[in-house]
Amino acid sequence: MEFTASQIAGILEGEVEGNPEIAVHKLAKIEEGEKGSLTFLANPKYTSFIYSTDASITIVNKDFIPDQKLKTTLIKVDDAYKSFSKLLEYYNQVKNNKTGLENPIFLSDTAQYGDDFYLGAFSYLGNNVKIGDNVKIYPNVYVGDNVKIGDNVVVFAGAKIYSETEIGHGCIIHSGAIIGADGFGYTPNDEGVYSKVPQTGNVVLEANVDVGAGTTIDRATLGSTILRKGVKLDNQIQIAHNVEIGEHTVIAAQTGIAGSTKIGKHCLIGGQVGIAGHIIIGDRVRIQAQSGIGRNIKDGEVLQGSPAFSYSDYSRSYVHFKNLPKLVNKLNDIQKQQDQ
């Protein structure tokens, strides 16, 4: 896809300084810009590169005044960083604006879908699936029976969506994600042999939930595993059965959340955090990476450690942790002096 400087300026409501008809077909960092590429300058530390870049077009703030000759055409905007982000979003929308049914696919006679639907090759849509408008399902995706998918959803290649799952408007499901697999439910007999507990619930993703690549969200034993609107999950996260995650909570990679735990709104959870089952975590909680959570957490707490405790206490304690060998040596010296 090619865009001219005048077209880009129209999208961004900016002003062109240079050749309005020069075209670009790719994006680049300003220090790596080459002919045919578009870049931007937002951080003053990179200003020197604008005089050497070979990028055809550079987005800059309106107050930028060059003090040397430029090879690049400028598009001046109120905020170069926000405008570049807006352009990336627009580019993605154009790039991903696929429609139609590829072949081969399996599409149940009872499946329903709305306008501007795209279904990639080797995908499977089961019985009674209901899909809204402008949904894009990429190749090798499995969608089980009775699944409901809202408008403007994107499901990338290789994702698996088990039966009865409900996905709200604007969700993004990345490759390799598995939504609705059985929860980890077993019961032992007197001899310690485990039998499977049927997992008869489902998974509900409310609007604008993002699910990262390789992330797994288990169906509930009874009822629903629920991710409220605006939740963002990184790659390779495990969400167990009957978990509920509150609105606009963000969770980083390799975190695991055990069954029936409830997490509040606007929480920030770092990578490799382990959260035990059947606990309640309040709103606006922050949990640092690699922490272990085994108790209920009040609103607004900031935690680190395993088991986790107050972040400020952890930071003060760490000063002593790293000096423990020296302190032990001093104690041994004192003990030797007393023994003499």
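Biologist: Hi! Where is the place of Pro104?

Modeller: Hello! In this predicted model, Pro104 lies in the loop between E8 and strand E9, which covers 106–107.

Biologist: And what is the peptide bond from Asn103 to Pro104, cis or trans?

Modeller: That bond is cis, with omega near 0°. As background, most peptide bonds are trans.

Biologist: Which residues does the other cis peptide bond join?

Modeller: Ser306 and Pro307 are joined by a cis bond, with omega about 0°. Pro307 sits in the loop between strand E38 (302–305) and strand E39 (308–310).

Biologist: Back to strand E8 for a moment. Which residues does Gly100 touch?

Modeller: Leaving out residues up to four places away in sequence, Gly100 touches Phe117, Tyr118 and Leu119. Gly100 itself is in strand E8, residues 100–101.

Biologist: How far apart are Gly100 and Gly120?

Modeller: They are 20 residues apart in sequence, and the C-alpha to C-alpha distance is 8.4 Å. Gly100 counts as partly exposed because its relative accessibility is 30%, which falls between the 20% and 50% cut-offs.

Biologist: Let's talk backbone angles. What is the phi of Asp116?

Modeller: Asp116 has a positive phi of about 55°, although it is not a glycine. In general, most residues other than glycine have a negative phi. You'll find Asp116 in the loop between E9 and strand E10 (118–119), and at 48% relative accessibility it counts as partly exposed.

Biologist: What about His266, where is its place?

Modeller: His266 is in the loop between strand E32 (262–263) and strand E33 (268–269). His266 also has a positive phi of about 55° without being a glycine. With 45% relative accessibility, His266 counts as partly exposed.

Biologist: New topic: how many helices and strands does the chain have?

Modeller: There are 4 helices and 39 strands in the chain. Its radius of gyration is 27 Å, well over the 20 Å that the globule rule gives for 340 residues, so the chain is more spread out than a compact globule.

Biologist: What does the C-alpha trace span along its principal axes?

Modeller: About 80 × 75 × 30 Å.

Biologist: And how much of the chain counts as buried?

Modeller: Of the 340 residues, 38% count as buried. The accessible surface comes to about 18,200 Å², and carbon and sulfur atoms account for 50% of that.

Biologist: How many residues are in the largest nonpolar core?

Modeller: That core has 49 residues, and those with the most contacts inside it are Ile137, Leu205, Ile281 and Ile293.

Biologist: Tell me about one of those. Which residues does Ile281 touch?

Modeller: Not counting residues up to four places away in sequence, its partners include Lys262, Ile263, Cys267, Ile287 and Ile293. There is also a second, separate core of 14 residues, with Ala5, Ile8, Val24 and Ile75 among them.

Biologist: Last one: is Gly212 buried or exposed?

Modeller: Gly212 counts as buried, at 3% relative accessibility. Its place is the loop between strand E24 (210–211) and strand E25 (216–218). Beyond residues up to four places away in sequence, Gly212 touches His174, Ala177, Leu233, Asp234 and Asn235.

Notes
Residues are numbered from 1 along each chain as its sequence is written. This is a predicted model: local features need pLDDT of at least 70, side-chain atom pairs count only at pLDDT 80 or more; totals for chains, interfaces and linings use all residues. Side-chain values use heavy atoms; hydrogens and water are left out. A nonpolar core is a set of buried Ala, Val, Leu, Ile, Met, Phe, Trp, Tyr and Cys residues joined through side-chain atoms within 4.5 Å. Buried means under 20% relative accessible area, exposed over 50%, partly exposed in between (1.4 Å probe, protein chains only). Contact means heavy atoms within 4.5 Å. Helices (H or I, at least four residues) and strands (E, at least two) are DSSP runs, numbered from the N terminus. The radius of gyration is taken over C-alpha atoms; the globule rule is 2.2 Å times the number of residues to the power 0.38. Accessible areas come from the Shrake-Rupley method with a 1.4 Å probe; for residues, only the protein chains shown count as cover.
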